[in-house]
Structures are given as structure tokens and as C-alpha cells.
Amino acid sequence: MTTTETTRSANPQAGASRRLYLLLVERRDVTLLITILLMVFAFSRMTPYFVTAVNLGTMGLAVAFNGIVVIGTTLLIISGNNDLCIGATYGLCAIVVGLLISRGFPIIPGILVGLAVAVLVGIINGQLVTRYMLPPMLATLGTQSVFRGALWLISGGHSIVGLPDSFAVLGQFKILGLQLPVWIMLVVVLTADVLLRRSTFLRQIFYIGINRRSATTAGIRVERVISVLFVIAAVMAAVAGILDGARVGAVYVMSGVGLEFQVITAAVIGGTALSGGKGTILGSLLGVIVMAMLTNVLNLLGVNMYWQSIMVGAILVGVVALDRVLTPKEVR
Amino acid sequence: MAQRLAGWSAALGRFLSRIGERLPKPLKRLGRALEPIFGAQVGALAVLDAFGAIALGMASPVFFTGANAIAMGVAMSGNVLASMGSTLVLLTGGFDLSIGSAYGLGGVIAARAMLAGVPVWPALGLGLLTGTLIGFINGLIVTKLEINPFIATMGTMTVGRGLINIMTKGYSISGLPPAFMKLVTAKILGLPPSLVIMLLAFVLTDLLLRFWRPMRQLYYIGGSPAYARLVGINVGRVRTLAFMFSGTLAALGGLLFTLRTGAASQQAGTGMEMMAIVSPFLGGVGFGGEGSALGAFLGAMLIALVVNAIQLLGVAVLWQNVVIGTFLIAAALIGMARFQRASQRIQRERRKKEGEV
Amino acid sequence: MTEILLTLENLTKRFPGVLALDHVSMDVRRGEVHAVIGENGAGKSTLMRILAGAEIPNEGRIVLDGKEAHFRNPLDAQRAGVGIVYQELSVFTNLSVAENIFANRQPTAVGSMVQRAKMRAEACKLMDLFELDYEADLVLRNLNMGDRQMVEILRAVSLNPKLLILDEPTSSLTIAESEHLFQLVERLKGRGISVMYVSHQLDEVLRLGDRITVLRDGAYVGTVDRGQATKDQLVEMMVGRAVDLYKDYGIHTEDPEVKLRVQGLRRTGAFEDVSFDLHKGEILGFAGLVGSGRTDVAQTLFGLAHITAGEVELLGKPYVPRTARDAIARGLAYVPEDRKTVGLFLDMMLCDNLIVPQLYRFTKAGMLDDRSGRELTEKYIGDVGIVCRSPRQKAMTLSGGNQQKLLLAMWLALEPQVLIVDEPTRGIDVSAKVEIHDLLRRLADAGMSIMLISSELPEVLTMSDRVAVMREGRLEGILPRKDATQQRIMAIASGVAAGGH
Amino acid sequence: MKRILTIVSLLLVAAILLTSCGQKATPAPTTVGTTGETGKVEEYVVIALNWQHPYWNDIKAGGKYFEEAMGGKVKVTFAGPESPDFPGQIDAVIQQIAKKPAGMLVAAFDPGIVPAINQAIDAGIPVGTFEADYPKGNKRWFFCGVNAYNAGWAMGPELIKYAGEKGKLIFSTNIGASNSDDKVRGFKDFLKDYPGWEVVAEVDDKSLVRDGADALKPVLQANPDVTVIIGVNAGSGGAAATAVKELNLVGKVHIVCQDRDDITLKFIQEGVIDSTIVTRTADNTYIGLLMLYQYNHFDVPLTKDNKANHIVWLPGNIDVGTVVVDKNNAAAFLH
């Protein structure tokens, strides 16, 4: 205890520049931002196609869907939970909406039904975790399997086509050369980020993540909050899934497979601590961007696909390591 | 239902311990050892497994045939080996996602070596070492670079998978030397090797986790890395060791699989890590240094039971996911119910004691 | 002249920017209990950590048993025969009593196979030695703080060290447990083991210590023999000025207005038939052994546990405790006993901590107003006298005493009508203690009703207007201040005598 | 406690119902034999993996049709993991042996499956492979399906038809699926006659539309002179089409692909994809099962006594061949 005390009281003595740096990195995502800028610089040297309007659009779209999904996941992880059911929800809701609309159901209500399904999924996960106290990973892995199955049963294993263009617009309409999902993602992410920093409700999840018992004692309705988080996560997944369907103009029956892993990884790269209590939405978004950038640049460079996965794995670890090096002990 | 099952296992536990008390010394110890086992989540799971087996036996005449028993045993061998390793890592509060890749790479490397003319046994040894190496690298990244196990093993997983793809170029490696193909049909005591070795690995891991000091340290680290350091445990080394065990066991599984199939499949082990984490969870293994290899084994067994049921009862393919998921949740709920009651009971007893102080 | 076991010469330890130990020299004799006292930040802990090999001094030498010792890590110290019990509990809650005692030293047979039976037996032997009755296989999760600490001490002792360091050992022990500890220390001494006893508790120090060394601000102040030492003198040496601990706050006339009325409250398995009135401006002390149900009553009243039967009246209105949240809304506040696990958010900033119980009060249109939160924090930092750099500092960087004050501030900021405090001064130093006492008294005089749960009888006696004594989940009686004495309370608490009036 | 009790019992009941509904259909093992007596239901098992992939829809269709066509005399069970869990498929084969079905069709994507197949044969169960085959050391009686190599080759003429005799092209495929690789191989061999064509990249589309599109787009940007994307798996078509549409390259970049996922057909109708090579997938199962049935009930006199001489009279290899699907006939293939 004495030691921590003294190391902390050491800060004032540190040099001005260092203090500025500390101030910067206090906001966890800054280091990652620096890392990304380094990457961008390096990549732009490697290929002329990297920093072009078109490719920005490409990457934007590649980020959009996971960018939306990662919000829910991040919130859950901060509160010390986790959700492996995300991918299934993503697919299920998209399929439900697709089925309804392709059978002539009006679009807006159709989407609302899809979101309602998401809410239901969220509630089920929430109940299993809060009321029946199952380990989140276990519970959501179970529900994942169940909902994936449900998806198969209702779709009969067929992709869903014959969706009206008025629905496809949601995913294909362009503003300033960027497709709608990108803008939606930006809006949602920014709002979420602001809310996570400012709103009372989301502030509570940090308390829960850091010390659940203290949170209960301090009058935070821990279980209610967590349930809500599961709902948020499910809804975010649904939104992304539906947009995905709109983008393609059809719902691929495999959509969302393996999504949860991509998203959790992104969140962790973005500085969200799996132990809970730490994390920012922007950070997670940056995590998604890192991953998207890697796939993008490796393909631009025409790296042999057999080598790509190796490089991705290695670089991911590298990025996290670099991020760690840039972050001084005081802030960790 | 939850309570009844829980009740049974509790009763069983008390019964055993009571017998234990009446027995001569060595057996007495056994009784004592069993009580806590059945007193915990594991007990409920054991009862659940038995329950499931009986139900399945009634549903399908085929179930209790030796052939099916062996088939099921062989089927779960891979997952059991992986779960043993993953249990060790989970106990220290870590993750190992690279298990699947170690599983696949073990077989591929061994096959490659054999094709390159390395004699069978050294080649197999090489495969095993690959797993150890992967574990070692995981350990280094986690303990030295202080990178979160999730990312670290995630990285090695991707890299490992990549290596497999490069070495196989999408085609499984077959046409292995006859010396090896002879082993494919080999039997130990008339049983498939994978079955026998799986059981051995399980029993060994469980015993070591209970009685071998170096492995006990895993529990201390899981309880609190900081305190573990205070009592002079070399946390970094032990964690690395756990990863190495995990990698090696996974590779062993992969080799056994190659032994079964007579070829090194480039798909072997994909998605295996998840099951290898779920089985221990089901068996009550938690991040905080809780649980036992027995639990992990029973967890794996439950999953195998469900899959076997799906095969025997011919569950429509599209229903598989639903069924598996439902059983997963049900099992977890029962385990939890039991666990909560157990801890409540103990605390009540404690309180009584203190009153008498 | 008994021979010297340990000599310290000019021990100095610098942390970046701080001089934690400043040329400290002292010695410990074989078989003596050497008490080391000092305020928080006086360097006691650093000194102990150095002796235990957890820190390496920048200057100075340690001579143990005539040989110069260089401890690179805890193991070196262990081998050299220095055992330590750290102030912060360091036990493995997921493991059994025996395994905790023999952590990393389990008796092993060939192939380092742990001999559980032997381990269990040795553990039992050790426990008998100190009249403890835990089942060796019991998992520590199921023990309360006090028991856990005893287990940790047993571990240190089991190393049978030449020198045993006890750092604030009683900080989380009850009276009864402390008694055990004291006897144990005497026994150790009897066996020729030297004990370095670090503490805030002057009575303990005066009772146990053969010699008493005082540190202040990392520097050596002086060493006195028990014979010549007086409380006030020690306090003065520690603090640098005179402080009077357990001062008499005088008798207060009872205000007829009842703020909290509890009738036949029961929670199955915890306590039953608890009835009492808490008047306006009154401090009602709750004495009793740990596990006698005091904390359970508090938590139930605060809605953290479900009530089985009984009526509660809060501020004249009937009140059924459900969740902490409505308890807070109803003007009730509860300062829990264990600040680290159920009180504070050590990994968060002071201001974050302070506003938790009233987040909703700082909410405008769903958004949290951090600025006014910070202002409030600054106000209370002043009022309660928390020593810190800024409200943006992390709680874990505060000393124990200041953490405790923060915890109090966190709940006082609610301006509650009725305040329940559970062990408010556990493990904090003299001046902090006095400040908290004064604070509580001030609040009571200002009309706040306080329910004070404490295992430290002197504290209960100085603070309370009336003392309620609990035993085995029953409220045995409520004594008015005038006829409440240590003996009487202990008698009732341990069931020797019947309750008062 | 009560809540847990209720939900658990609910879940269990549900689960047991699910399993039992499947169970009703299973025949008593007595009825099953290599020569099924008339009137008793024979069970035939089709074992594959990754059933959740849309590709298998037509396989199921073929099997179901066989069931109907036989008028209740037979039952077709589809077994094997829903996930791409290859060991799971092997275990499925072995566990099905215990049920002694009247016949088995196994998709042999991997040489690793061979020992399991042989084990079934040794257990006296008629086994044929479908969809994909691995003949080496394989005792299976016949293979019924399309040889992936040919299916790949069949994309060649389409390429020439839509994009001429020279240019640059991209493969959209997925790592670690041997039949995808065979298709690539077949197609590349076709290209040997057209040196004008250059393969500039092979892209891993993970057989997913979204990930595939996001992976293809950068490649298209880096190679502006590419005129064709060759899609190899069921997801490739959708991925390629999405990528091409989003980069406004429709018409400039032609797409020739494989399989008949509805998304692929949709894009054919929209004119984004030029054509796709469709296996007569349903035939794989229908013909395959038919042959097993034939074997169980008829005995073409190749020899005086086939059984005694361990001679299987069935043909060893049936290529169901492929169909080219384009704008004109796409509608007919939509589900």
C-alpha cells in the first residue's frame, strides 16, 4: 500500500512533457490512435491504393457492421460480463426481418419485429445471467446454439432474397460517397461514446465492473442494469444484421457466423479489460478499425491468402504489445 | 428437478463419507476425499450424466452396446484431452484459444515429418513438441509481454491455423508410411488407443491436480496471483507451464486423431477451443482457481452424451443446435442450483459454530 | 542483558519523489515482543516489507543473528527465519485452511506428492496450539475476515521463524480473536521467538510490547521500555503533539423523537426478535462478538438482505426494506464494515466514489453532472479532512485512514437522517480515529441518529449514548451509558450474564 | 430455487421432447438388415458435415424425394455435425454403425474419413460416397456425385463466353476446403489452353457474403484491369456480386461462380453475375440412395453368386454432372 501511495505521489515531480503525455494517455484510446496512425503511415507507403476515397469507403463499410455490434459487447465486458450469442442474434434478426419483408410485410413494422426479437433474446440472456447466476460465457454459448438452431428452423436453411429495393436502400443509399450503414455506425458509436462518458445509467456499469458488491451496497440496481446491457447488445447486433441484409439486398443464411470472436477481439484490442471496469467505445471502434485495416491492406498488397492469417495473428499481438509499451505503468 | 438431482448427489456424498468413517484407515481417506467432490457442482453433474445415460439407454436399445460405448468414448477423447489442458489454464485465471490449432498442427507436423522420412515414433514426438512449443510461446507472450491471454492465444491460434493451411495447402495429408498405417488399427487391451490414452490422461491430470505440489500451485495462483508471489510461488513460470501442458495435451489429441484417421486433416481442431472451455465450465471449473479435472471430464462427457443421443435418436439435423444449447443451459442451471445450496449450507453451519464461541 | 537477534543500521528507502525510510536504526532482542508504532505513512509498513524481503533498501544494513542479511525476495527472508503477516489479508479464499497454512510448503512424499493427511494433521496440531477450531478442510471463502486473518497468522507461525512480524494483526479481529492472538504472542515469546508487533492500538502495544519503538515520517523517534511508557507520551511521540483518544464526550439528554423503530425483526438463519428505538441525535452502540448478527441486522435494515418478519418504522413512517436504493431514498445510510470489498471502488477516482450513492441526484436529463459532483467531493474532502492531492486521485492511493474517511464522506454526502456505521475505525491510526470519533459526535449533536456497530469496546463506550448487546442473533439487552462497562458487556455478549434492565 | 426448478424442468422436458420426436421415426433395429423384408421400413443414413451451410439444401431435397418416391418403404436420416466439425463427422459415421442401417452415403471430403467408412463396410453395411470422394484405400462401393475438378473445369467455357480469351481474373475461394481447391485446379487446367488469361489473386472469402465482399473490394481496387471474378464456393457469388456492385463495376467485371445459393441466383437475375455452375446436387443423394436400395433388393447376375464371391454388382462411379445456370433459367432454380 505504501508503495502505491508513493509511486502515485511521484507524478507531480515528473517532467512537464511527461505529465502532458500522461494526461493524454489517461484517455486509454489515445495510444491505440497513435498506433493506428503509425500503421496508416506505413501502409500508405506500401501501396498507393490505401489512402484513396474509394478505399476509405471500402474500409468504412468493412468497419460499419462490427462497429455497431462492438458497442454492446464493450458495455457488457466493462460490466464484467460477456456475450457469445451476438453472432446468432445478428443472423436471427436479419432472417426474421428478411422473411417478413420478402413475404410482403411492410418494411418499418418488419424491422420493428426484428428488433423485438432482439429484445427478447437480450432478456433471456439477461435472466439466465442475473437471476439464475450462470457464468455469462456458458449461458450465452448455450443460447447462441439455440438461436442459431432457431434461425435454421425458420429459414429452412435458405438465404432470403426477393427483398424490395426500398429496403435495400437502407444499406446501399450513399451520402458523400459513403453508404448509409457507415453513417449510421458513426452516429450510433458517437452517441454511445458520449453516453458512456456522460450518462448516469452507463456510468453505473463501471462501478459494477470494478466492484459488484460495493455497487449493490451503494444502491445500484446491478441485476437490472446488466439485464438492460444484454438487451442493448442484442439490439445492436440486430441493427447491424438488418443493415447487413439491406446492404447485400438479401440475407445470407450464414451471416453472423463467428462474429462474436471478431468483436470481442476488437474490444480487447481497444483496451477493454476482460476483467471488467475498463474500456471506451471509441477504443473498441479503433480495435475494429485495426482489424479491418489489416485485412484490407493485406489484400491490397495481394499477400498470399495462406500467409494472411499468420500475419493477422502476429500483427494483432504486435499492435497490442506496442499499445502496452506506449502506455506507462501509472495509467495501466 | 434441479433440487432433486442436487439432493441425490448430496445424499450420495454424505452416504459415502459415512461409510468412509466406518472403514479402515486407507479407505477412510478415500471417503473423505469423495465427500467434497460430490458436495460440489461436480456431484450434480455426475448425477446428471448418469441420469442422461439411463434415459438414453431407455430411449435407444443401441446405447448400452459395447460398440456404442467405445464409439462414444473415442468421440469424446479429443475434447477430453483438450479440456484437461484448458482446465489447467482456466485454473490460473487464463484462457487458451490456441488449443484447436495445437490439435491440428500436432498431427500435420507429425505427418509432414513422416513423409520427410522421419521414423514414426520420433515424428509423433515432434508433433507432441509442437504443442508444447505453442504453449511455451503463449506463456511467454502472456507472462513476459503481459498481454491478455485472450489476445495472446487468439494470435497463436490464427498463426497456427495459418501454418496448417500453408503446410497442407487445403488438402489433408494422407499416404502416410505403412509403419504408421499399421498403428491405425492397433488396439490397447482390445480398446482403441485414443480411448485408453484419454482415460489415462484424465486420471493422471486429476490425480496430479489433487496431489502433485507443482500443480497445486495453479490453485494458489488462481486464488490470487499477488499472494501466490508473496508465498514464493514463481507465478510466471507456473502459468507458462500450464500453457505448455495445455498445448501438449491438445497436440496429443491431434496425434490420436491422426492415428484414427490415418491422415492429417487440415480441418482438425477448428472451433475445438470453445468446447474445451465449455466442458470445464460445465464441470464447475471457474477462473478463480475453482474446480477439478474430474469436473471437466464430466462436462465433456455430458456434451458427448448429448451428441451421441442426437446420433442414436436421429434428431433432425437442423434441431441439433437447439438440443445441444438447451442441454448446455439445463446442465449449467442444475450445477448452479447445487452449488448455491452447498455454499449456503456451509455458511449456515459456520454461523452456528461462531455462536457457540 | 539478553542477546540481540536483529540489528538495523541506517535503513533508508527512497521511492520516486518520496523518502519512505530515513536512516532508521534499531534492534530487536531474542524472545522479546518489540512493538513498532507510528501513524500511517510513518514508514512502518515499508520497514516491515524490507525485513520480509518484499522491498530492497537503498542504504543501510540488516544484521540477523550476527550475520549481515541481504533479502532479495520474500523467500530469502523466509529461509533466514523472518516470518511476516501483512496488514492487507493475503489468504487464498478458494483453498482450505490447511492449504493456506502450508501454502507452497505442503508436506510432500516422493515426487513432491502432497501428503494431505499429514498436512491436515499438522494444521490441526497448530490450531490446537492456539485453541482454534476450524475444520482443516474448510474453504476460506466460508470464513469471515477475522478467521481468515487468524489462518494467515497460523501460516506465518508454521514457518517457525526466529523473528515474526505482525503488521496491524488486530486490524480486522474481534475482541475474542484478539485475545487468542495475544495469548499466541505470549506463547511465541515463551518459545524464544522474537515478535515485531506493528500496531495503532496503544492498549495492545502497552500490554504486549516489552519495548516500544516509535517512527514518524519515515524517521526513528525513539524506543521506550514498557515500564516507563504512558499512552499520552506514545501518542505524542507518534503524532508530534498531544492527542486525547477515547475522550469523554459527556452525557447527552435523550430526545423523545424516535427516528428508527424496529419491532421483532427476524431474518431466518441470521437473527431474530430484534427490537430497539433509535432517537434523534442519539448514538446507539452495538456490541457483541462477530457473527452475533449485528452486521446482519444493519444489512437487513438497509435492504441488502430480505427480512423474514417484523416491523420497521423510519422517520415515523412504516418502512419495509427492499433495496439499498429505496433505503437511501428514505434517508438511511449504511457505512459497511469492509471498505475494500463492499465499500469503496479502489480503482476509481475519489469523486467517482463519493457520488455513487446519489448518482441520481447529480443527473440532469439522464446525464451525469461531474462538475458539481467534484465540487461536492472537494467540500467533503475539506469537511471530513481527507488528505489527498485531488478529487481525481484513485481511491487505492489513499492511506487506510483516509480511505475510511472517504467511505464515511461517501455516505454523509447523502445527508442522511439515520446513519448506520459498521466498524468505522477498523485498522486506521490514532489521529484518524480521533477525527472520525469527533465527526460522528458532531453529526449526532447536529441531530443525526447513528447506529454504531463496533467490536472495539472502548470505542463503543466513549461514543454511545446507549449500548445494545447482541449474542447469537438475539438482542440481549440495551444498557444506558452509565451502567455500561467493558466487563458487563463482555459478560452479556458471551452469555455469562443476562441482559440489562 | 423454485424458479430454477421450473425453468430447468421446462428446458429438460423441451429437450427430451425434441429428441424423442426424432426418435419415433427410428425403426426397431430388428427390421434393419442388408436385405430388407418388404413391409418393414429400411433406414438409410446420409452423413455429411457443416449441415448449416445452404449448399446442403439440395442434398436434403434429394434424400427426401427418395423417401417419398419409395412410398414409405424407406426412411432417410441425415446425420453428422451441423458445424464444420470434421472429427464430428467421423464419430457420426462410427456411431451410426451401431444402428446397423440398411445403407450409408458418406461425403468424403477428407482422407481421414476412410477408416470409418471401411469400418462400416466391415460391419456389413453397404456404403457409398457422395458429393466428394477419396478413393485411396477406400472400400466404399461407389461414388455418386460431381467430381469437383470437372465442376471447376466447367467454369472455363463460361469465362470465354462472357469475357473473351484473355484478361486478368481473381479467384474468390476459401482456405482449407479441399473441394474448393479441386475446383480451382480444374479451372486452372482449363486455362492452360488460354495463356491470355492471368490469375492475379486468390482471395479468402471465408464462404461468407459480407467478409468475402470486404476482402474482394481492396483486391479489385489494387487491380483495376481485372475483368473477371471466379467464385468457387456457395458464398463466393454473393460476395463477388456485392463487391462489384459497390465499386460500380457491374458490366466491367464479370462473375462466373459455383452453386445455387438463392443470393447467387438473385444476382444472376439482376445481371450482376453472369452464370453459375450448378451440380445436379439432388441427384447425389437420390441416385446414391437408389443404388444402395437396388443393392439391397436386386442382384444383377454378374457372376453365378455375387454375394458368395464378394462381388458388388453396382457401378463404381457415377458423375451426376453439372448444369449451367444464367439469366434464362435462374428463376427455375430459386427456392
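User: How far apart do the C-alpha centres of domain 1 and domain 2 of chain D lie?
Analyst: In this predicted model, the domain assignment of chain D gives domain 1 as 33–146 + 281–298 and domain 2 as 150–279 + 325–333. The distance between the C-alpha centres of these two domains of chain D is 31 Å.

User: By class, what does the side of domain 1 of chain D that touches domain 2 of chain D have?
Analyst: The domain assignment of chain D gives domain 1 and domain 2. Their contact takes 8 residues from domain 1 of chain D and 8 residues from domain 2 of chain D. On the domain 1 side, the classes are 5 nonpolar, 2 polar and 1 charged.

User: What percentage of the residues in chain D is buried?
Analyst: Chain D has 12 helices and 12 strands. Of its contacts with a separation of 6 or more, 71% are between residues 24 or more positions apart. Chain D has 335 residues, and the buried share is 60%.

User: Is helix α10 of chain A roughly parallel or roughly perpendicular to α12(A)?
Analyst: Helix α10 (residues 200–210) and helix α12 (residues 222–248) of chain A have axes 10 Å apart and pack at an angle of about 115°. Angles of 65 to 115 degrees count as roughly perpendicular, so α10(A) relative to α12(A) is roughly perpendicular.

User: Why is helix α13 of chain A largely enclosed by the rest of the structure?
Analyst: The cover over the buried residues of α13(A) includes α4, α5, α14 and α15 of chain A, together with α7 of chain B. Among the buried residues are Leu259(A), Val263(A) and Ile269(A). Helix α13(A) spans residues 259–269, and it is largely enclosed because the buried residues number 10 of the 11.

User: Which helix gives the largest share of the side of chain A that touches chain B?
Analyst: The contact takes 35 residues from chain A and 34 residues from chain B. On the chain A side, α7 (136–155), α13 and α15 each supply at least two residues. By class, that side has 25 nonpolar, 8 polar and 2 charged residues. The largest share, 13 residues, comes from α7(A).

User: Which residue with a positive phi follows α13(A)?
Analyst: Helix α13 of chain A covers residues 259–269. The residue that follows has a phi near 90°, and this residue is Gly271(A).

Methods
Residues are numbered from 1 along each chain as its sequence is written. Chains are lettered from A and ligands numbered from 1 in the order in which they are written. This is a predicted model: local features need pLDDT of at least 70, side-chain atom pairs count only at pLDDT 80 or more; totals for chains, interfaces and linings use all residues. A residue is buried if 20 or more other C-beta atoms lie within 10 Å of its own, exposed if 12 or fewer, and partly exposed in between; C-beta atoms are placed from the backbone. Helices (H or I, at least four residues) and strands (E, at least two) are DSSP runs, numbered from the N terminus. Two residues are in contact if their C-beta atoms, placed from the backbone, lie within 7 Å. Ala, Val, Leu, Ile, Met, Phe, Trp, Tyr, Cys and Pro count as nonpolar, Asp, Glu, Lys and Arg as charged, and the others, Gly among them, as polar. Domain bounds come from an automatic or database domain assignment. Axes are lines fitted to C-alpha atoms, for helices over the stretch in contact, and angles run from 0 to 180 degrees between N-to-C directions. Angles under 35 degrees count as roughly parallel, over 145 as roughly antiparallel, 65 to 115 as roughly perpendicular and the rest as oblique.
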